[in-house]
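Visitor: I am new to this one. Please show me the structure, and then I will ask how you know what you say.

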Amino acid sequence: MTTHPTLAAIDRYAAADPGLDEATVWSLEVHLEECADCRARLAGGTTDGSRALIDRVAQELDREIAAGPAPARRRWFRPAVRHRWAVAALLPWVSMTISVLAAAALLGHWMPSLPSFVLLVAPLAPLPGVAAAWSRRADPAWELIAGTPAAGLTMVLRRTAAVLALVIPALAVTGMAGAGTPTALMLLPSLAFTAATLLLGSLIGVRRAALGLMGVWTAAVVAPSLAVAELPVVLEPASAGVWAAVTAVLAALIFLRADSFRRLTSY
Amino acid sequence: MRAVSEAETATTIHPWAVQAEALQVKAGRHLAVDGLDLALGTGVHGLLGPNGAGKTTLMRALATVLKPAGGQLTLLGQPVDGRADLRSVRRALGYLPQHFGFYPRFTVREFVSYMAWLKEMPKAAIPAATQRAIDRVGLAAKADARLKTLSGGMLRRAGIAQAIVNDPQVLLLDEPTVGLDPEQRLDFRELLRDIGTDACVLVSTHLVEDVAAACTEVVLVNEGRLVWQGTPTQLTAQGDASHAGDSAAERGYSAILRRSRAEAAR
């Protein structure tokens, strides 16, 4: 806590009194930098000479600012640097996913005898985007990024959220467009698979986890149900509660493995 | 009045910036660093060793991107093995990996300031720090050129700029002189000496003459272990005319390696 200098000292400083020693001037200036009240007192004690000088400086500055180049205009169409990578890396995968969903919806429309394609591939829909969000192939600077303090679960979740923000509406729209496909069964399995990818990815790498899960689902569920032309039990309306529970458990487990997203093993 | 937190009263002076005891690090399934003891203080340290000696794996462990499989590793007085919180240590780290990946469409300035943002620097300090880092590596004329238009040597320098943008206390450079021409190497040595006056710099390289010229200390590893540690002058004193090499430092290097291999064979 500092004490305010006396009004007399401020007046002497304003008048540039040669009797003030350097140490006093320094401590006065340090105080003036921090204390608005004393600056106001100093302004009150300024001499006419100083006032004239300040006016002249202000006029000179105004003239130079008017003569100089105009400030650069903000470019509205240039997205923040940190978003541009995400757009370049994630958009191709996400748009591919959405086209596959549209194709599946069309197939389901033309071949009503087969089980709903959309429902069968919906759980895998976010996985290509999630794999691209945290992989050595999609992110050339992966090793640099892995070593920064910002890397970690928060960053993975932010990128995953960006993917989900695009894929989930697409899923919901296709689900509502196709007759007889419950929206909960379109969304919950895809969330469960996203959580499973991140959890498994913390052990073996997100890209490998996504590829593995896609392979397992295709071999264990999609292929048999197309062969027998019947929806599997896991995609019956009654199993929605189970999918919700599985999603919650997997999501909780991810937070226990949070620190492995700071290391290279998750890439 | 306010309470002073424990973090503020903690000592900021530690005997070693980098300290490893019986450190083990895996590269894949293979233990590339096996029982390494190392202590590095302020200064420029050259990391030498043959191919496959575990240099890059050691650098990655020091950059905290690989988790040690065993032993103890302390950076700036904080343990970074196991489940430690790496965030505060990483803010004081600079790292240039051997395979320096970059975004081709970013300009040098955008790339360096993006890395500064990832290193959680205060937002207001980023533009000035970026400009300073680019100036220090001599890329000011190319600051607004896209990375894909730069030559190999310029890319390396952009990589060094992103490593030093946060004024790191521990700077890890893995093969930074690859692609630099002789004049740029001289400038680079000057920069290393400058940074090494108040930070711990570890430079991994194949070029023995770089180490002899720019480093205050030489660290020699082979097969995942520390073989020798000393000053460049001591290194040159190790070899004599009977050892392979074109300079005194190279002869010293091959003399130490030969001795360590003979000991390992026994």
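Visitor: Which residues in helix 10 of chain A meet helix 12 of chain A?

Guide: This is a predicted model; local features need pLDDT of at least 70, side-chain atom pairs count only at pLDDT 80 or more, and totals for chains, interfaces and linings use all residues. Residues are numbered from 1 along each chain as its sequence is written, with chains lettered from A and ligands numbered from 1 in the order in which they are written. Helix 10 of chain A brings, among them, A:Leu188, A:Leu191, A:Ala195 and A:Leu199. Facing them in helix 12 of chain A are residues including A:Trp243, A:Val246 and A:Leu250. Contact means C-beta atoms, placed from the backbone, within 7 Å. Helices (H or I, at least four residues) and strands (E, at least two) are DSSP runs, numbered from the N terminus.

Visitor: What classes do the residues of that contact divide into?

Guide: There are 18 nonpolar, one polar and no charged. Ala, Val, Leu, Ile, Met, Phe, Trp, Tyr, Cys and Pro count as nonpolar; Asp, Glu, Lys and Arg as charged; the others, Gly among them, as polar.

Visitor: Why is helix 10 of chain A called roughly parallel to helix 12 of chain A?

Guide: Their packing angle is about 25°, and their axes lie 8 Å apart. Angles under 35 degrees count as roughly parallel, over 145 as roughly antiparallel, 65 to 115 as roughly perpendicular and the rest as oblique. Therefore helix 10 of chain A is roughly parallel to helix 12 of chain A. Axes are lines fitted to C-alpha atoms, for helices over the stretch in contact, and angles run from 0 to 180 degrees between N-to-C directions.

Visitor: What makes strand 2 and strand 5 of chain B edge strands?

Guide: Chain B has an open sheet of four strands, in the order 2-1-4-5, with antiparallel pairing. Strands 2 (30-40) and 5 (78-79) each have a single partner strand, so one side of each lacks a neighbour in the sheet.

Visitor: How do you know that strand 1 of chain B pairs with strand 4 of chain B?

Guide: Pairing needs at least two DSSP bridges. Five bridges join these antiparallel strands. In one of them, B:Gln24 partners B:Gly70 of strand 4.

Visitor: How many residues does each chain give to the contact between chains A and B?

Guide: Chain A gives 18 residues and chain B gives 27. Helix 8 of chain A supplies the largest share of chain A's side, five residues. By class, that side has eleven nonpolar, two polar and five charged residues.

How values were computed:
Two residues are in contact if their C-beta atoms, placed from the backbone, lie within 7 Å.
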